Amino acid sequence: MTTETLPPQFQSNLPTAHWSLTSRLAFRFCLAYFSLYCLVNQIITSLIPIPNVDIPDPGSLWPMRQIVFWTAAHIFRVTTPLVYQGSGSGDKTFDWVMDFCLLVIAVLATAIWSALDRKRENYTTLHKWFRVFIRFALAGQMFIYGVDKAVPLQMPFPFLTKLVEPYGNFSPMGVLWSFMGSSPAYEIFTGCAEMMGGILLIIPRTTMLGALICVADMTNVFMLNMAYDTPVKLLSFHLIVLSLFLLGPDARRLANFFFFNREAAPSEHPPLFRTLRANRIALAVQIVFGVVLVGMGFYGARSAWYTFGGARPKSPLYGIWDVQQLSIHGQVRSPLLNDYDRWRRVIFDFPEAMAFQRMDDSLTRYGAAVNTSDKTLALTKSSDKNWKANFTFQRSAPNQLTLDGEMDGRKTHIQLQLVDRSKFLLVSRGFHWIQEYPLNR
């Protein structure tokens, strides 16, 4: 079987062009900086689809961690210990200092590369392979965040404590999470939009459209992060820049189409290989890898849905319970103001936790172990490993609960009434095609 070569119109796209000095410098810097950035955080780990394995960000390991610690201490004079893992924030001091280090390393690498490679005419071959890496790096992030919204996990429907917490006590990020989570349909829509951008990035011929969608998606995400003080600002900004990098070679074509009313010439992106057969194999490999990324994303999301999502286990005493009567040492409604003397509500949501809401609407959270066989409730405090409280409970009716026990050495009796969750307007309102008047409360 003979090797089928590319048609003449594609052979002209082989690496023969002369790049300007500015283009060569820009490419060297982009390759150095974007490669480093993708290799030190969750972007690279998203491309390793191993289910049920939590891979730490390489930036938190040697040698990057030591470089960041030294820079923070000696350049920025940071004296407090740096949080570098486990916080859930992408805008830690560690992250900002690490980005500074990457920027400095990229500038130095660009300078050295430029001095050693002055006679290079272009980087067409290197660019086309680096473009493949950026496509999948960006697509991996779009899949991660897209799947977690398409299966409403990232912003869950407001938990029971949120339903009774005053709106004014919400943080800006809490407001964002609650308004997104209270509309699963909208969250699913945004997740599908992010996934669409990632899927289109997988196929070479639809990369430009995918990058345009990613720019739109991530610009919206970045503005939400900025406006609601959500600590993913650095990552979302970089995903916008990665999208723009993919659009860079098509900038003139896009300008001609959108602004100048001129004919947009065909794409000039060179194929990966010189033969049609090799390019078809490369396309198949890219699509298969993309399918694996999406499949692993949904596999993990399905597991998460039953672990902490909408189908998660709930407390055997699940619900919001209003305190009908509270007595301590037989004295009803003690005037003393302690953690529990002035309870207003008792809230059971997750199996191993519960919360008390005081009369001032503040919340105190405890660890909880509910034994339905013995009808016992054991409470613990994360701040005090030696503290504990024990109760027995009785449910004379599905909406009636009585707790009897000892807390801080005081005998406590509490009678509780279950609140009908459907009475909350946020839960029951739903969607209406016809509205004679707006319901805006």
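These entries record what I looked up in a predicted model of a single chain.

**Entry 1: overall dimensions.** I began with the chain as a whole. Its radius of gyration is 28 Å, whereas a compact globule of 441 residues would have a value near 22 Å. Along the principal axes, the C-alpha atoms fill a box of roughly 90 × 60 × 45 Å.

**Entry 2: composition and surface.** I noted 14 helices and 9 strands in the secondary structure. Of the 441 residues, 39% count as buried. I then turned to contacts with a separation of 6 or more: residues 24 or more positions apart account for 61% of them.

**Entry 3: H2 against H6.** The crossing of H2 past H6 is left-handed. On the H2 side I listed Phe27, Cys30, Leu31, Phe34, Ser35 and Cys38; these meet Leu126, His127, Phe130, Phe133, Ile134 and Ala137 of H6. I sorted the residues of this contact into 10 nonpolar and 2 polar, with no charged residue.

**Entry 4: Thr45.** Last, I looked up Thr45, which lies in helix H3 (residues 42–45). Is Thr45 buried or exposed? Its relative accessibility is 15%, and the cut-off for buried is under 20%, so I recorded Thr45 as buried. Leaving aside residues up to four places away in sequence, I found that Thr45 touches Ile55, Pro56, Asp57 and Pro58.

Note on methods
Residues are numbered from 1 along each chain as its sequence is written. This is a predicted model: local features need pLDDT of at least 70, side-chain atom pairs count only at pLDDT 80 or more; totals for chains, interfaces and linings use all residues. Side-chain values use heavy atoms; hydrogens and water are left out. A crossing is left-handed if the near helix is turned anticlockwise from the far one by less than a right angle, and right-handed if clockwise. Helices (H or I, at least four residues) and strands (E, at least two) are DSSP runs, numbered from the N terminus. Contact means heavy atoms within 4.5 Å. Ala, Val, Leu, Ile, Met, Phe, Trp, Tyr, Cys and Pro count as nonpolar, Asp, Glu, Lys and Arg as charged, and the others, Gly among them, as polar. Buried means under 20% relative accessible area, exposed over 50%, partly exposed in between (1.4 Å probe, protein chains only). The radius of gyration is taken over C-alpha atoms; the globule rule is 2.2 Å times the number of residues to the power 0.38.
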